Amino acid sequence: MILYTIVQLLLVSFAATSAMTWFSYAMSETFRELYKEPVLLTYVVKKLDITLSKRSQKIWAWLIHYIIGLLFVIGYHIVWVKDIVSISPLTALLFGAISGLIGILGWVFLFKITHHQPPIDFRGYYIQLFFAHIIFAIVATAFYYITLILISKAYVTF
């Protein structure tokens with residue numbers, strides 16, 4: 001069962017992070033601003049003065065982005081398994097809002113410690129980031145719920 005949970009959390013986090021990233025890329029194109037988290041993370045990795053090729057910096061940025069998504073999903077999973085809140089659309093919105101605020105604070109911290117001031121509209125970026133996390137949480141909640149239904153049907157015998 002633990003292997004199933006690991007696969008479940010990996011799939012859920014991949015789907016949710018991908019949906020969030022797609023949204024950020026779409027907003028970036030729509031508003032002609034740099035709202036792409038993996039691109040901004042590449043700049044952060046570069047600013048940390050870690051000796052990596054440009055390609056490796058990009059790969060690490062994408063990995064970090066997806067690992068952070070996995071950490072959020074693990075947090076959601078713990079809250080659901082411990083029955084602190086139920087899996088519902090309202091929970092998805094609540095998790096999205098909380099995740100959005102954490103994401104904004106995380107980026108403020110990253111920009112501050114790396115002294116990186118990208119030429120972006122920070123207010124617009126943070127608003128977009130908040131809504132990107134709402135999408136993340138909605139997709140994570142939906143996929144998590146679907147995987148629970150699939151596993152429960154797998155254990156039903158006729």
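Predicted model: local features only at pLDDT ≥ 70, side-chain atom pairs only at ≥ 80, totals over all residues.
**Helices**
- Helices here are DSSP runs (H or I, at least four residues), numbered from the N terminus.
- The expected span of a helix is 1.5 Å times one less than its number of residues.
- Helix α4 covers residues 89–114, which is 26 residues, and reaches 37 Å from its first C-alpha to its last, close to the expected 38 Å.
- Just after α3, Asp83 has a positive phi of about 60 degrees.
- Just after α4, His115 has a positive phi of about 55 degrees.

**Buried residues**
- Buried means under 20% relative accessible area, exposed over 50%, and partly exposed in between (1.4 Å probe, protein chains only).
- In α3 the buried residues include Gln57, Ala61, His65, Gly69 and Phe72.
- In α4 the buried residues include Thr91, Ala92, Phe95, Gly96 and Ser99.
- An α-helix has 3.6 residues a turn, so residues three or four places apart point the same way.

**Surface patches**
- Patches are made of residues with over 30% relative accessible area and no salt bridge; like charges are joined within 9 Å, and nonpolar side chains (Val, Leu, Ile, Met, Phe, Trp, Tyr) within 5 Å.
- Lys46, Lys47, Lys54 and Lys58 form a patch of positive charge on the surface.
- Helices α2 (37–47) and α3 (54–81) each give two or more residues to the positive patch.
- Lys58 belongs to helix α3 and counts as exposed because its relative accessibility is 51%.
- Ile59, Trp60, Leu63, Ile67, Leu71, Ile74 and Ile78 make a nonpolar surface patch of about 620 Å².
- Ile59 lies in helix α3 and is partly exposed, at 38% relative accessible area.

**Salt bridge**
- A salt bridge is a side-chain nitrogen of Lys or Arg within 4 Å of a carboxyl oxygen of Asp or Glu.
- The count by this rule is one salt bridge.
- Lys36 and Glu29 meet through their side chains in a salt bridge, at 3.4 Å from N to O.
- Lys36 counts as buried at 18% relative accessibility, whereas Glu29 counts as exposed at 55%.

Note on methods:
Residues numbered from 1 in each chain as written. Heavy atoms only, no water. Areas by Shrake-Rupley, 256 points an atom, 1.4 Å probe, with all protein chains shown as cover. Lys, Arg positive; Asp, Glu negative; His and termini not counted. Charge placed at Lys NZ, Arg CZ, Asp CG, Glu CD.
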